[in-house]
Amino acid sequence: MPQLGLLPRRAWAALLSQLLRPPCASCTRAVRCHSQVAEAVLTSQLKAHQEKPNFIIRTPKGTRDLSPQQMVVREKILDLVVSCFKRHGAKGMDTPAFELKDFDIAGQFDPMIPDAECLKIMCEILNGLQLGDFLIKMAWKDVRHEMVAKKGLAPEVADRIGDYVRCHGGESLVKQMFQDPRLSQNKQALEGLGDLKLLFEYLTLFGIAKKISFDLSLARGLDYYTGVIYEAVLLHTPTQAGEEPLSVGSVAAGGRYDGLVGMFDPKGHKVPCVGLSIGVERIFNIVEQRMKTFGEKVRTTETQVLVATPHKNFLHERLKLIAELWDAGIKAEMLYKNNPKLLTQLHYCESTGIPLVVIVGEQELKEGVVKIRSVASREEVAIKRENLVAEIQKRLSES
């Protein structure tokens, strides 16, 4: 069975850097941390020789610091993309230079089946991100040059194809081209149209044909594409009154590149390949602008429960409770103070979005119970101490 997965392309880095590639998040963090450590060490050494250093070590160009809120958003985008890839059977692989958010299928397959799946994956991801309406434009690579110089199509027939460059549509456009008497006389043209017709049949079965537009004006800027190419564009960036539209170009792209692997194989073996790339950075910029415009709040932690008390000298009881929750796999916090005020603890939950509070005090300890408080409704209920974990898990599963 041919491999289906995320293929490492170390040897192709120079070519693939032109695609929609985000910098590796882990790599960026590592560079930033090393930069900060180096700056601290060098500054301490320089102070022994001079009061003011004459240079400053900065974060490298092409990288940037991300706030906790930005990291949450970015990780959600990446998680959605990766989960979609895995749903389609991908095997993850890593490279030291890039975080490649690609999906590639390599090997000998029947025509257009993997191409259709790549377009399906692209639709699933863009629907899941909820960025607004989108369209995937699809075309042949360098139509006139391919037809005339490589496929032997007469120039006058290629000129006829130029009439179609101004057209765009779905399966109906492909059928219209089939009926053109001059195109129908060329074997290579008929084979290409046959592949496109077959592809649209598969796209219809996948339920995404309406999202795909056959558009001969589309041209990708990379030379290694050999067949069908496609890119996804937002029809409009979600905007409301007072928000400036954000122009980001394509947010995903891909196509068939059957000849690329052979370029780096000493034996020149030809490996058919088709794949797609998700423009994580461009998508992140769209989401980031929306956050700034509408003041959207993002939780920076996944804490589910805060362990609190209304009384002094209850640190030991809080520590025992929170250890019990941690051991049960529940995400819990407590304030790092011996005697925090209850109002301060409740305000912390509201500001950070923690949904539940477990409260233990003198009366609860005496009766062998604890209180569970819903932060949203402010309703409290007392339960037996031994039932705490089960009750918390039940509430979390229902939320």
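1. M122 has its place in helix 4, which covers residues 113–129; helices here are DSSP runs of H or I with at least four residues, strands are runs of E with at least two, and both are numbered from the N terminus. The model is a predicted one, in which local features need pLDDT of at least 70 and side-chain atom pairs count only at pLDDT 80 or more, while totals for chains, interfaces and linings use all residues. Residues are numbered from 1 along each chain as its sequence is written, and side-chain values use heavy atoms, with hydrogens and water left out.

2. With a relative accessible area of 0%, M122 is buried, a term that means under 20% relative accessible area, against over 50% for exposed and partly exposed in between (1.4 Å probe, protein chains only). Setting aside neighbours within four places in sequence, M122 is in contact with I136, Y230, A232, A252, A253 and L276, where contact means heavy atoms within 4.5 Å. The C-alpha atoms of M122 and I278 are 7.9 Å apart in space, although 156 residues separate the two in sequence.

3. For the chain as a whole, the secondary structure comes to 14 helices and 13 strands. Buried residues account for 42% of the 399 residues, and of the contacts between residues at least 6 apart in sequence, 70% join residues at least 24 apart.

4. UniProt, in an unreviewed entry, places the feature "binding site" at D104, R220, Y224 and Y225; its positions are given in the numbering used here, feature names are shortened, and annotations may be inferred rather than shown by experiment. Of these residues, D104 lies in strand 2 (residues 102–106) and is buried, at a relative accessible area of 1%. The side chain of D104 makes a polar contact of 2.7 Å with that of Y257, a polar contact being a pair of N or O atoms within 3.5 Å; within protein, one must be able to donate a hydrogen and the other to accept it, and residues adjacent in sequence count only if both atoms are side-chain atoms. Y225 belongs to the loop between strand 5 (212–215) and strand 6 (228–234), and is buried with a relative accessible area of 5%.

5. The structure holds one aromatic pair, for which rings of Phe, Tyr and Trp (its six-membered ring) must have centres within 6.5 Å, planes under 30 degrees apart counting as stacked, over 60 as edge-to-face and the rest as tilted. The ring centres of F85 and F103 are 5.5 Å apart and the planes stand at 50°, so the pair is tilted. Because F85 lies in helix 3 (residues 68–87) and F103 in strand 2, the pair ties together parts that are 18 residues apart in sequence. Both F85 and F103 are buried.

6. A loop between helix 10 (280–294) and strand 9 (305–308) holds T303, which counts as buried at 7% relative accessibility. Its side chain has a polar contact of 2.5 Å with the side chain of E333 and another of 3.4 Å with that of T301. Not counting residues up to four places away in sequence, T303 touches K331, A332, E333, I354 and P355.

7. A search of the whole structure finds zero disulfides, a disulfide being a pair of cysteine sulfur atoms within 2.5 Å.
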